[in-house]
Amino acid sequence: MPILRLGLCVAGVYSMFLLWAVAQERLSVPFQTLDGSSSDKFRSPLFMGTCQSALSAISALLYLLIRRRPSQTVNHMFGLAYPEKPAAKATSNGEPSKSNGTSITHNGVPKTNGVAHHERIFPTKWLLIRYFQCAFLITSGSPFGFAALSYITYPAMVLGKSCKLVPVMLMNVLLYRRRFAPYKYLVVAMVTLGITMFMGFGNEKPSRAKANGDLSAYAQLTGITYLLINLAIDGATNSTQDEIFHRYKITGQQMMFWINLFCTALTSLISILPLPYIPVLHPSSSGTELQGALDFIRQHPSVVTPLTQFALTGALGQLFIFETLQHFGSLTLVTITLTRKLFTMLLSVVVYNHKLTKGQWLGAAVVFAGISVEAWVKRKDFHTKRVIQEKEKARIKTL
């Protein structure tokens, strides 16, 4: 069952986010106006985030409603409480009494053998604060990733995102004092070396460099800085999500619902505020971001298709992301998404005709060699655990 679940999660993440990546790259290049007289870039990253988070919250809500059991309360369904098992009654000889498996309900409260299941309520204030923390990090980090595409090519960004293992491990160590196996540091070193080679040997110009006719060291440094900020915020987000799963008995879809609900509220609020020009976070030069996005859509209707694809595939993909996060942890999730990034990069090269040098292919090979080490060790550990479990079952049967 765990292997089947993992396989389903991998297939869902791959299929949805490959389509999502194609849409994201399309949104980073100019769109023609209705009359074809000019072309402009879509500069409303918060609006993109609002579309995706709103659809993601709706997807998670539908999932929770479909999977809701008749005995579940609303608090339990949304992950704000869980049913607490009653203490077993002692028999005359001091042994705890055994349930006969029958279950009835009284006033909507499940009962077993006449003993009511009470519902334990979380300290919801702190749980919701954690959700809001994740939403704030996601909202502030996404525009940096989108802005980096103006200074570096999409394959470079995809491979750069492969360094996510570094901030995830770093933030887990710094924020929550976790430790990792030595081989993981080898993986991080290989990934870092590979991305350095990829960036160093590249000679293709990103969109802004093509428009300006040059590719300065300052522009590359700006793009890399934006990407590093995005990676650091992603690392803090993933480590915080791990901490939530560690402390609270929630499902991935419950977390998905609350985080995306908060994300939608945050981005919607920011989008309607008449903020001044803020690099990366609010690139609109006048008016609100929402008004700017709607004006752009009216003048460039061709943006609707990739925007819809971006939001829809991102929402469906998150169902698989949070399922993986709940059952296998953030490092397993990062490993899956990193292997997916290999196919994303190859798809980007084919669809958008990017030119990679031999040095870049070598750097990519080093990155994915490191990822292969991670996958191989995890597979070996899983196989060892299964062998131990089978031996333990055989020993119990002989008793």
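## Elements and model

Helices are DSSP runs of H or I with at least four residues, and strands are DSSP runs of E with at least two, numbered from the N terminus. The model described here is predicted.

## Second largest pocket

With that numbering, α12 provides the largest share of the lining of the second largest pocket, 5 residues. The space in this pocket comes to about 610 Å³. Its lining has 25 residues, and those nearest the centre of the pocket are Y63, R67, T251, Q253 and E323. Two or more lining residues come from each of α1, α2, α3 (74–77), β3 (81–84), α10 and α12.

Sorted by class, the lining of the second largest pocket contains 11 nonpolar, 8 polar and 6 charged residues.

## Largest cavity

There are 3 cavities of 30 Å³ or more in the structure. The volume of the largest cavity is about 1,100 Å³. It is lined by 45 residues, with W20, Q52, I138, S142 and D234 the closest to its centre.

Seen by element, the lining of the largest cavity draws at least two residues from each of α1 (2–27), α2, α4 (124–148), α5 (154–161), α9 (217–247), α10 (252–272) and α12. Helix α12 supplies the largest share of this lining, 13 residues. The lining of the largest cavity divides by class into 21 nonpolar, 19 polar and 5 charged residues.

## Nonpolar surface patch

A nonpolar patch on the surface is formed by L55, I58, L62, L65, I66, L312 and L316, whose accessible area together is about 630 Å². Two or more of the patch residues come from each of α2 (45–67) and α12 (304–352). Helix α2 makes the largest contribution to the patch, 5 residues.

Helix α2 gives the most to the nonpolar patch. It is also among the elements that supply at least two residues to the lining of the largest cavity and among those that give two or more to the lining of the second largest pocket.

Note on methods
Residues numbered from 1 in each chain as written. Predicted model: local features only at pLDDT ≥ 70, side-chain atom pairs only at ≥ 80, totals over all residues. Heavy atoms only, no water. Patch = residues over 30% accessible without salt bridge, like charges linked within 9 Å, V, L, I, M, F, W, Y side chains within 5 Å. Areas by Shrake-Rupley, 256 points an atom, 1.4 Å probe, with all protein chains shown as cover. Salt bridge = Lys/Arg side-chain N within 4 Å of Asp/Glu carboxyl O. 1 Å grid on protein atoms, 1.4 Å probe; cavity = no way out; pocket = protein on both sides within 12 Å on 5 of 7 lines; lining within 4 Å. Points joined across faces, edges and corners; volume = space filled by probe spheres on them. Nonpolar A, V, L, I, M, F, W, Y, C, P; charged D, E, K, R; others polar.
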